Amino acid sequence: MGPPVRSSTEWDPLEEVIVGRVDGATIPSRHPAVRCTMPAWAARLQGAAAGFRYPRALVGKAEEEVEGFVALLESHGVTVRRPEPMPHRRRFGTPEWSSRGFCSACPRDSMLVVGDEIIETPMAWPCRYFETHAYRTLLKDYFRRGARWTAAPRPQLTDELYDPSFRVSAPGRPVRRLVTEFEPVFDAADFVRAGRDLFVTRSNVTNLMGIEWLRRHLGPEYRIHEIESRCRTPMHIDTTFLPLGPGRALVNPEYVDLDRLPPVLDDWELLVAPEPDPLPDALLKVTSMCGKWLSMNVLMLDEKRVVAERHHTRTLRALERWGFEPIPCDLMHYAPFGGSFHCATLDVRRTSPDPPGPA
């Protein structure tokens with residue numbers, strides 16, 4: 001049957017994927033890590049509604065779209081696995097803090113697949129502390145069938161991790177980040193993979209200690225390269241830099257300085273993402289948590305076929321010009337729960353060639 005887990009790139013032919021769910025989604029509890037990436041008006045609204053369930057109308061629309069996405073994947077021969085529903089509104093805590101949960105919409109954040117290994121990540125949002133419990137049945141199944149299953153050190157998430165003087169930097173000033181170097185934290189969505197080369201952005205949920213933990217864990221066979229982001233509220237690389245195929249990557253012209261990329265990318269073809277299509281006011285409000293560049297948040301089925309948001313026609317046309325075969329799909333109402341196609345998935349198995357030799 002082959003290995004149950006095997007995925008080393010963002011573009012090898014997709015065989016099996018985990019797709020998140022929004023059942024029981026709860027508005028995150030008040031915390032600086034949650035507020036720091038939101039516009040001020042959205043942060044005020046989030047604070048007022050913290051701990052309540054998401055509005056049923058919003059959940060229903062997102063559920064309808066994600067079911068359509070699942071059907072599309074299955075129609076292309078991809079095996080889809082789903083997490084179990086969880087009572088995210090239930091309160092939990094440690095001796096230092098307590099919180100309610102969030103949701104199980106984005107498996108890309110809490111788990112990183114590198115080769116035959118799934119790594120649970122040490123996330124910086126307290127409300128996501130036990131998020132991988134929704135995936136434990138799947139993780140145990142993969143482990144029993146031969147996959148490696150690792151969990152990074154569980155963080156304390158005490159006040160020392162968060163800079164009390166943090167303010168979003170003004171345009172033209174160096175980017176500031178909320179998390180300190182108190183302990184290793186990172187979201188898997190701050191990393192993308194290209195064989196033995198991984199790319200990362202430091203963000204408000206990923207610090208240098210987290211990057212160094214993963215570098216030491218993976219060992220000298222892998223190389224981790226930092227992509228500097230000019231985003232003033234950085235969180236997750238997949239709206240900044242996303243490999244689409246061997247030696248080809250989609251880059252955000254607003255966040256990335258093409259003259260300051262790692263040398264390993266010198267011979268890559270860098271595809272500059274077009275300006276996202278304007279959003280209607282109602283959609284603009286529900287997508288504010290993730291920003292306008294969700295147009296870049298695509299999922300590769302292989303080196304040619306790519307699932308992209310139907311609304312973003314400029315992106316669809318650009319992908320066609322670059323020789324890809326875009327597959328339009330609706331997932332715009334998934335944004336309040338954390339993202340779009342790349343965020344909503346964890347590619348567990350791709351038809352990978354033999355692993356390359358040491359870096």
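**Entry 1: charged pairs**

I began with a working definition: a salt bridge is a side-chain nitrogen of Lys or Arg within 4 Å of a carboxyl oxygen of Asp or Glu. I kept in mind that this is a predicted model. My tally for the structure came to 30 salt bridges.

I looked up D347 and R193, whose side chains meet in a salt bridge with N to O at 2.7 Å. D347 belongs to strand β17 and R193 to strand β8 (residues 191-194), so I noted that this pair links distant parts of the chain, 154 residues apart. Are these two buried or exposed? D347 counts as buried because its relative accessibility is 1%. R193 has a relative accessible area of 3%, so R193 is buried.

**Entry 2: the pair R108 and E10**

Next I checked R108, which forms a salt bridge with E10; the closest N and O atoms are 3.9 Å apart. R108 sits in helix α4 (residues 107-110) and E10 in the segment before β1, 98 residues apart. I found both R108 and E10 buried.

**Entry 3: strand β1 and its neighbours**

Then I turned to strand β1 (residues 14-19), where 5 of 6 residues are buried. Which strands pair with β1? I found strand β17 (residues 345-350), antiparallel to β1 and joined to β1 by 5 bridges. I also found strand β2 (residues 79-81), which pairs with β1 in the parallel sense over 3 bridges. For examples, I wrote down L14 with its bridge partner R350 in β17, and V17 with its bridge partner V80 in β2.

Because E16 lies in strand β1 and R81 in strand β2, the pair ties together parts 65 residues apart in sequence. E16 counts as buried at 5% relative accessibility, while R81, at 22%, counts as partly exposed. Why does R81 not count as buried? Buried means under 20% relative accessible area, and R81 is at 22%.

I followed the shared partners as well: salt bridges join E15, E16, R81, D141, R145 and R349 into one network.

**Entry 4: the nonpolar cores**

Last, I opened the largest nonpolar core, which has 53 residues; F69, L73 and F337 touch the most other members. Helix α3 (56-75) gives the most to this core, with 8 residues. β1 also supplies at least two residues. Leaving out residues up to four places away in sequence, I listed the contacts of F69, among them V19, L299 and F341. A second, separate core of 31 residues includes I237, L244, A273 and A308.

Conventions: Residues are numbered from 1 along each chain as its sequence is written. This is a predicted model: local features need pLDDT of at least 70, side-chain atom pairs count only at pLDDT 80 or more; totals for chains, interfaces and linings use all residues. Side-chain values use heavy atoms; hydrogens and water are left out. Buried means under 20% relative accessible area, exposed over 50%, partly exposed in between (1.4 Å probe, protein chains only). Helices (H or I, at least four residues) and strands (E, at least two) are DSSP runs, numbered from the N terminus. Two strands pair if DSSP finds at least two bridges between them. A nonpolar core is a set of buried Ala, Val, Leu, Ile, Met, Phe, Trp, Tyr and Cys residues joined through side-chain atoms within 4.5 Å. Contact means heavy atoms within 4.5 Å.
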